[in-house]
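Have a look at the picture first.

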Amino acid sequence: MFSSIVSQKEWHKNFVLAFVIMAIMLAPVLFGNRVLMGDSLDAHIPQLTFYKDAIQKGESILWNPLGGGGIPLGGSVPQIFNPFVAIGIRFFSPITTFNLALYFTLALGLFFALQFFRALGMTPSAALLSGLTYTIAELTTTNNPIFASIFLVLPAVFLLIFKVSQGLDKRQFPLYVLLGIVVVAFGWVAGLYWPMLYMLPAAL
């Protein structure tokens, strides 16, 4: 079913390739107990530490009194609604959760980028070069799961819209709509609203 959605016979190869490439690029943080620069140490990791402690103690995560004058759940970073964060924080340390959420999000983003470029008719080599260019160009800003979520959503939405524009049968259309809803919802809950507001009109 999924192969019919992306309409590329090598989708499974691109899937594995994307995760291998991102594992190599993020190896220093994945295997070195480090985080990328940016807001990681002064915002994301402390907030994740609060989530971890609150969940372990059975306390509410709706209000973090330790940051400034207090931080509400909906205004906190990173969003606990990110499924990678919500699941990971229950089993791993804050730093490991942060890095795994970043890794999975960026790897999926690269996968959708590869699929989109292949859908445009690029050769596998050209699609790989374009995907790597997209990844490297954005890596300075996608150093946390919040911005990385937009990195994922952008090529996924472009891919879905492009495939719909090519024509679908009645059996495929509901599935594309469902995937679009899931992708956009992920962007809203795992990322920031203003990049989504910029991206969706551009996609249309």
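**The layout**

Helices here are DSSP runs of H or I with at least four residues, strands are E runs of at least two, and both are numbered from the N terminus. By that count, the chain has ten helices and two strands. Going along the sequence, they come in the order α-α-α-α-β-β-α-α-α-α-α-α.

Keep in mind that this is a predicted model, where local features need pLDDT of at least 70 and side-chain atom pairs count only at pLDDT 80 or more, while totals for chains, interfaces and linings use all residues. Residues are numbered from 1 along each chain as its sequence is written, and side-chain values use heavy atoms, leaving out hydrogens and water.

**The nonpolar core**

A nonpolar core is a set of buried Ala, Val, Leu, Ile, Met, Phe, Trp, Tyr and Cys residues joined through side-chain atoms within 4.5 Å. Buried means under 20% relative accessible area, using a 1.4 Å probe and protein chains only. The largest such core has 36 residues, and M22, L26, L106 and V153 have the most contacts inside it. Helix α6 gives the largest share, 13 residues.

Who does M22 touch? Leaving aside residues up to four places away in sequence, M22 touches Y103, L106, A107, L110 and T135. (A contact means heavy atoms within 4.5 Å.)

**A buried asparagine**

N14 sits in helix α2. N14 counts as buried because its relative accessibility is 9%. Beyond residues up to four places away in sequence, N14 touches F111, L114, Q115 and R118.

Technical notes. Buried means under 20% relative accessible area, exposed over 50%, partly exposed in between (1.4 Å probe, protein chains only).
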